[in-house]
Amino acid sequence: MLWIAYEDLVRDSMNSIEKIAAFIGVDTRADPTLVGRVAEGCKFDNVKRRAQASLDGGARGDIDHLRKGEVGDWRNHFGEELFEEFEREIRRRFADDGVGVGMEYE
């Protein structure tokens, strides 16, 4: 299992994309522009714009889950009680995998 936090994707997208590519067996050396193109395509504003264009073109669904794309914005949507419940559940579910160990929330 590969674990990459959203904060890491935002802070160091190029390195995160390299890790993902290696994990799925993609040799990024074959195309030196690949990682940069993926990083550009994955910028939050670009993802949101493409999602809206799909909806405008007739796709069904919504993009309400695409809020701001900002690190730490979850604090505006999680109260302390909900955060504590989330934290307990994540730690419980992933305790055996080592996922989330040392996880910091920005």
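Select threonine 28 and glutamate 18 and show their side chains: the two side chains make a polar contact at 2.9 Å. The model is predicted, and the values on this tour are computed from it.

Stay on threonine 28. This residue sits in the loop between H2 and helix H3 (34-41). Is threonine 28 buried or exposed? Its relative accessibility is 12%, so threonine 28 counts as buried, the limit for that class being under 20%. Now display what surrounds it. Apart from neighbours within four places in sequence, threonine 28 is in contact with Glu18, Ala21, Leu34 and Val35.

Select Leu2, Tyr6, Leu9, Val10, Ile20, Phe23, Ile24, Val26 and Val71, which make a nonpolar surface patch of about 720 Å². Colour helix H1 (6-11) and helix H2 (13-23), the elements that give two or more residues to this patch. Which element gives the largest share? That is H1, with three residues. Phenylalanine 23, one of the patch residues, is found in helix H2.

For the last stop, look for paired aromatic rings. How many aromatic pairs does a search of the whole structure find? The search finds one. Select phenylalanine 78 and phenylalanine 86: their ring centres are 5.7 Å apart and their planes stand at 90 degrees, so the pair is edge-to-face; planes over 60 degrees apart count as such. Phenylalanine 78 is partly exposed, at 30% relative accessibility. Phenylalanine 86 also counts as partly exposed, with a relative accessible area of 34%.

Definitions and conventions:
Residues are numbered from 1 along each chain as its sequence is written. This is a predicted model: local features need pLDDT of at least 70, side-chain atom pairs count only at pLDDT 80 or more; totals for chains, interfaces and linings use all residues. Side-chain values use heavy atoms; hydrogens and water are left out. Patches are made of residues with over 30% relative accessible area and no salt bridge: like charges are joined within 9 Å, nonpolar side chains (Val, Leu, Ile, Met, Phe, Trp, Tyr) within 5 Å. Accessible areas come from the Shrake-Rupley method with a 1.4 Å probe; for residues, only the protein chains shown count as cover. A salt bridge is a side-chain nitrogen of Lys or Arg within 4 Å of a carboxyl oxygen of Asp or Glu. Helices (H or I, at least four residues) and strands (E, at least two) are DSSP runs, numbered from the N terminus. Rings of Phe, Tyr and Trp (its six-membered ring) pair if their centres lie within 6.5 Å; planes under 30 degrees apart count as stacked, over 60 as edge-to-face and the rest as tilted. Buried means under 20% relative accessible area, exposed over 50%, partly exposed in between (1.4 Å probe, protein chains only). A polar contact is a pair of N or O atoms within 3.5 Å; within protein, one must be able to donate a hydrogen and the other to accept it, and residues adjacent in sequence count only if both atoms are side-chain atoms. Contact means heavy atoms within 4.5 Å.
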